[in-house]
Amino acid sequence: MKITKICCIGAGYVGGPTMAVIAQKCPHIQVTVVDLNEERIAAWNDADLSNIPIYEPGLDAIVGEARGRNLFFSTDVDKAIHEAQIIFISVNTPTKTYGKGKGMAADLKYIELCSRQIARVAKDNKIVVEKSTLPVRTAEAIKSILDNTGNGVQFQILSNPEFLAEGTAVEDLLNPDRILIGGDTTAEGQEAIQALVDVYSNWVATDKILTTNVWSSELSKLTANAFLAQRISSINAMSELCEKTGANVNEVAKAIGMDSRIGPKFLKASVGFGGSCFQKDILNLVYIAKSYGLYQVADYWEQVIIMNDHQKRRFSNTIVRTLYNTVSDKKIAFLGWAFKKDTNDTRESAAIYVADDLINEHANIAVYDPKVSNKKIMDDLNYLETRSVEDNNSSVKSYSDPYEACQDAHAIAVLTEWDEFKTYDWQRIYDSMKKPAFIFDGRNLLNAKDLETIGFVYQGVGS
Ligand code: NAD
Ligand code: UGA
């Protein structure tokens, strides 16, 4: 089957960048990204590329090249579904906040809405691709909805999970470690798989395109995120032991990472992992395991989340304890609010929880993040519903100048590993702060020795 028209439902962190790269690499394919969120679509269409809604290094140039040529952003979901041969579903699948599975299971209401819309609109055969991260066996539910519409259209459901990480999305999409495509073992299923393989083959070597059955593909995505998050919780668990024993977690990470069986990546101790997916996907995995009665499996993976929550709380406790057991009315400067560098995404960022703890202790928080707006910071805190909007407003102030954020502060907390923090005039910052001046480096980003020479009291994670 020759693919000439693709549509993607969901213009978020995955749908936007993924489709932009497909469009750039496949100029012969018309790619339309649709979303119900009019504001988001308008931003994707903004003539000024610095206003596209997602900040990822290199993304503006790719959108600039393909947009209007073969890449389109629209709110007309029906039209895009009607025209496309392949429909990617890239909508959000957050943790359920109500009913059965509340706080654990993935909320599949957006997936179901998309499936019903496709079922209603499609008048010819379609390949429907699960791009969102989904519980294993979701394809069964989607197929059941699609096959019961009565308009005689044949659907093939593929699972094609996305492994990009934010901040490196463009690089990950251009040079993926692998592309995973799961489909039916029937002849029609294999034909659909081949159609999608042919799309990716425009820029990905075929030996990196892995095809499996649908259930393996769905479960591999949850498994990959669980393993990645587990490494962070493992090194963070060691960081606490390092602090008690005089070992240094950076040295330990280097020593174990040189074992080729362990490998050096994802061993950076931190204030705890954030982001929209690790916690959500592991909770979902735990829920699935429990639903099959696999309680030991569920408990094993849940510990990754328990450790991560402990690490965030431990960080804020350390700040309070070190500042003579009180941060009341003290200014604490936060460098960074995003959950990692090179993104404007703040979902589940450790900064939110550390700030919440410190506000409970009546601290005044001064935030500087190069990409996160004051509105986003306040929305994140208000979403927790720990206190009134007015109380949050009076406890937190954000700054567009890091030096101002740090002025008169008792302590600095580094919450995001933005490269620019390393280039600051730290002597100038020290001179403007209350003494003793503390730095709590939640990313082990800064040079402890240099800062201590200036006069700072430096405390990293696990050192
Ligand atoms: P997102 O919230 O940024 O984007 C989802 C978009 O879907 C929103 O703009 C929303 O308005 C839209 N949407 C929801 N229902 C819709 C409907 N019925 N019709 C049209 N539009 C609709 O989410 P995201 O971060 O892009 O994540 C999407 C999926 O990809 C999730 O399952 C996530 O787990 C997975 N994933 C995310 C990442 C990541 O780095 N963010 C990486 C890999 C996988
Ligand atoms: C993660 C995975 O890396 C992607 O493969 C996956 O596609 C994505 O989740 C998803 O499914 O959404 P992402 O959350 O964007 O990507 O970013 P990561 O680089 O994985 O970082 C996640 C969190 O872990 C960040 O807060 C980061 O600071 C933290 N981290 C990462 C550490 O604390 N230490 C490390 O060594 C690595």
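The model is predicted. Helix H10 spans residues 249-257 and has Val-249, Ala-253 and Gly-257 as its buried residues. The sheet is open and built from six parallel-paired strands.

**Helix H10**

- Viewed down the axis of H10, the buried residues fall within an arc of 65°, so they line one face of the helix.
- These buried residues of H10 pack against helix H9, which covers residues 214-245.
- On the face turned away from the buried side, H10 carries the exposed residues Glu-251, Lys-254 and Ala-255.
- The N-terminal end of H10 is capped by Asn-248, which has a side-chain oxygen 2.7 Å from the backbone nitrogen of Asn-250.

**The six-stranded sheet**

- The strand order is E11-E10-E9-E12-E13-E14, with parallel pairing.
- Strands E11 (396-398) and E14 (457-460) stand at the edges with a single partner strand each, so one side of each has no neighbour in the sheet.
- On average, neighbouring strands of this sheet are turned by 20° against each other, direction ignored.

- Strand E10 (residues 364-368) pairs with E11 in the parallel sense over three bridges.
- Lys-397 in E11 has Ala-366 standing opposite.
- Helix H14, residues 374-384, packs on the sheet and touches both E10 and E11.
- The direction of H14 makes about 155° with that of E11.

How values were computed
Residues are numbered from 1 along each chain as its sequence is written. Chains are lettered from A and ligands numbered from 1 in the order in which they are written. This is a predicted model: local features need pLDDT of at least 70, side-chain atom pairs count only at pLDDT 80 or more; totals for chains, interfaces and linings use all residues. Side-chain values use heavy atoms; hydrogens and water are left out. Buried means under 20% relative accessible area, exposed over 50%, partly exposed in between (1.4 Å probe, protein chains only). Helices (H or I, at least four residues) and strands (E, at least two) are DSSP runs, numbered from the N terminus. The arc is that of the directions from the helix axis to the C-beta atoms. Contact means heavy atoms within 4.5 Å. A polar contact is a pair of N or O atoms within 3.5 Å; within protein, one must be able to donate a hydrogen and the other to accept it, and residues adjacent in sequence count only if both atoms are side-chain atoms. Two strands pair if DSSP finds at least two bridges between them. Axes are lines fitted to C-alpha atoms, for helices over the stretch in contact, and angles run from 0 to 180 degrees between N-to-C directions.
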